[in-house]
Amino acid sequence: MMALRRTMLYLPGNNPNMLMRGHLFKPDGVILDLEDSVSLGEKEAARTLVRETLKNVDFGECEVTVRINGLDTPFWKRDLEEVIPWGIDGIRVPKVETPQDVKLLDEAISEIENKHNLPEGKVQITCLLETALGIWNAYHIATASKRVTAICPGGEDLRADLKTSRSENSEELVSPRRMVVLAAHAAKVDPLDTVFADITDDEGLRRETQWVKQIGYQGKSVIHPNQIPIIHDVFTPTEKEIAQAQKIVQAAKEAAEKGLGAVSVDGKMVDRPVVKRAEYVLQRAGLLEGGE
Amino acid sequence: MAVNAVGRDIPSSIPGYKDDVVLFRGATKRLPKGNRYGKKNRTTFFTKTDKTLPNIKAAIRESGLQSGMTISFHHHLRNGDYVVNMVLDACAEMGIKDLVIFPTALFGVHKHLTKHIQKGVIRQIQGSVNGPIGQLASEGGMELPVVLRSHGGRPRAVISGDVKIDVAFIAAPTADKYGNLTGAYGQSACGSLGYAHTDADYAECVVAITDNLVEYPAPYIQIPQTQVDYVVQVDKIGDPAGIVSGTTRVTRDPMRLLIARYAAKLIESSPYFKEGISFQTGAGGISLAAAAYVRDAMRKKGIKGSFGLGGITSFFVDMLEEGLFRQLMDVQSFDLAAVESISRNAAHVEISADWYANPWNAGCMVNMLDTVVLGATEVDRDFNVNVNTESDGALLHGIGGHQDTASGAKLTIITTPLLRGRIPSVVDSVYTVTTPGEVVDAVVTEFGVAINPRRQDLMDAIKPSKDLPLVTIDELVEKAKKLAGDMAPIEHTDRIIGVIEYRDGSVIDVVRQIKKK
């Protein structure tokens, strides 16, 4: 089944309690964070803690990624060296601005994979686009390496780069979000949305998630476990949607068996894109194998 | 020394407790013999229509209280209580010594008693100790061992004659001059007076202490004039801020919510989740959140419960008013909404501790309970639970209704994080046994739910799912060890500073003096 990335939960790399328990809240993925949640003085300790966590904790079905420090810092190479040998699924890298950034990272990862006799190319990359330049280059970044599996627009850093600030409806992020989602689908990688910062505003989170889902996002980064059920709820197809999709897929199957091209469901003609969409709904609901 | 049914070495004689200690043999093994205890007859003629006395000292004199006697208190004023401290201050000033105090519970505010312990005014505490007094006792600061009983075990001890109360001092938020008492009204209102009833019935002398003396007869009488010998009015019996909390809110702590969700799912998947379900939860974070999830499931499936039991919060009051319970059985009202509801809603019933949980009567409430969600400081491979001692061996908590509800409920769920900080809560063997594993059905942690192998029927009825990950208790112990490493054993001396009675009066465990840090 296609791996879901509805919720990617950040776990502060200096918080053993969260590192140990984060996966218990059943996000689709966990992100062990060495960047923003760790102060400069704690970088070394957090790296050790994250490494030990990777060695000792069974994360179950969660996709495991590590957010390393930016390529403009002295930390990122050491970050990679400590975490890649322990079987992680991917690296999340902040402030990517150009395809060259991705290539640099790709090579560094390959080097470590080779050194540890790991299959080359298995570790994926999620790029955070937190500047106007990064957003502008989104498609080229997403296609710069086969490792790139998802791209995400930034939040606060991006606002700062855009010389603006947070508004009630995040008006300032509408265009960047749309550009990223377009680039991601063009490059066939997952568009994942940024975090929703107000952890007590359940309704606001639901509204924002509904909106990003509607414009094509596949999931969101999460900063608090209580946000997970709300986002899952939004991204999980309703029973009505599932029933309709099953009807369409069944009709298409029968038509194919009979050698018919066009299908009609409830008096409406159903063409290929509609069937594709229905199949996607069933995949999301865990009712259909396969995927892109 | 002899080993009891939970494998604890218990001396046959414990100085200051009993010369012939009864060992715990199993949850339903000890049966009562003989008749109930009764206090002396008395009469009051029409010539006496006013029982008020000018102050506490006058009441102490009239009651006949002398050194070496036993005095009792209830804990409905919780951490706002002034009465225990006022009475002991008066005793000290009057030169009374060597008292046994027999409270239903003590709180942090009773730290004040430390000086009375040190000066010999108080010789023994039979009741829960916590905070500074618990620490003092744990380090050997009391001459005689603390005796802990459950909320049901205490009235059992009184009614059977194990403990004779000489004078009961009953804090009364409202009283009249002839001794009718209520907790429902007054500046220090606390709602139910459930824990005071047995004391009012059985103490040789009953003194009511109030800060709201009203015209006769008082409204909504909970303890009647027939039981009360004297009434004293004081300025304040307590601090309302410490007596009841505001509205009780459900936690947002994700780990507590996760544990609560598993506990609720377990209830929902059990055979007991059906029309007429009854349940009890504490007011603690996990318990209350579990109740919220169960409530949501009841709404969704259109299930109506029969009764909610125990310490009552606004949360249960709302469920009553919504029709999700037919009745609330209230031994203790935790917050303002519960206090306001008790006198206004006939379906919100005050019950005594005897009615609530005493194993030695014709049937207490806990026997009718379907499910209870309880906490623990530790639980072990045998499902034995410790709620009394902390990880350093200090005796800091009472038993509450833990043993009683666990023993009565058809589904007893213990909720606890697997680790607190880096200290495991699921261990090989608990330091102190409060509640025996034979009455515990499941342990719920954030790392999964372990069902007691004694409950094969429950295991057969429950399907594991993503929302209800089943594990064994041994897996939980091993997981905790892996995450936390080995713990150093608690260092203690041989001296017994606490006796933990099971609700039937047998000894389930003892607590020994810890080595001072």
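This is a predicted model: local features need pLDDT of at least 70, side-chain atom pairs count only at pLDDT 80 or more; totals for chains, interfaces and linings use all residues.
I'll start with chain A. It has 12 helices and 10 strands. Along the principal axes, its C-alpha atoms fill a box of roughly 65 × 50 × 35 Å. A compact globule of 292 residues would have a radius of gyration near 19 Å, and chain A has 20 Å, so the two agree. Of the 292 residues in chain A, 43% are buried. If we take contacts in chain A with a separation of 6 or more, 69% of them join residues 24 or more positions apart.

Next, the cores. The largest nonpolar core has 234 residues. Which residues have the most contacts inside it? They are Ile151 of chain A, together with Val83, Ile170, Val207, Ile209 and Ala263 of chain B. Helix 8 of chain B, residues 254-269, gives the largest share of this core, with 10 residues. Apart from this core lies another, of nine residues, including Ala252(A), Val263(A), Val275(A) and Ala278(A).

Now one residue in detail. Leaving out residues up to four places away in sequence, Val83(B) touches Phe73(B), Leu77(B), Phe169(B), Ala171(B), Ile209(B) and Ile237(B).

Last, the contact between the chains. How many residues of each chain are involved? Nine residues of chain B are in contact with eight of chain A. On the chain B side, helix 8 provides the largest share, four residues. By class, that side has six nonpolar and three charged residues, and no polar ones.

Technical notes. Residues are numbered from 1 along each chain as its sequence is written. Chains are lettered from A and ligands numbered from 1 in the order in which they are written. A nonpolar core is a set of buried Ala, Val, Leu, Ile, Met, Phe, Trp, Tyr and Cys residues joined through C-beta atoms within 7 Å. A residue is buried if 20 or more other C-beta atoms lie within 10 Å of its own, exposed if 12 or fewer, and partly exposed in between; C-beta atoms are placed from the backbone. Helices (H or I, at least four residues) and strands (E, at least two) are DSSP runs, numbered from the N terminus. Two residues are in contact if their C-beta atoms, placed from the backbone, lie within 7 Å. Ala, Val, Leu, Ile, Met, Phe, Trp, Tyr, Cys and Pro count as nonpolar, Asp, Glu, Lys and Arg as charged, and the others, Gly among them, as polar. The radius of gyration is taken over C-alpha atoms; the globule rule is 2.2 Å times the number of residues to the power 0.38.
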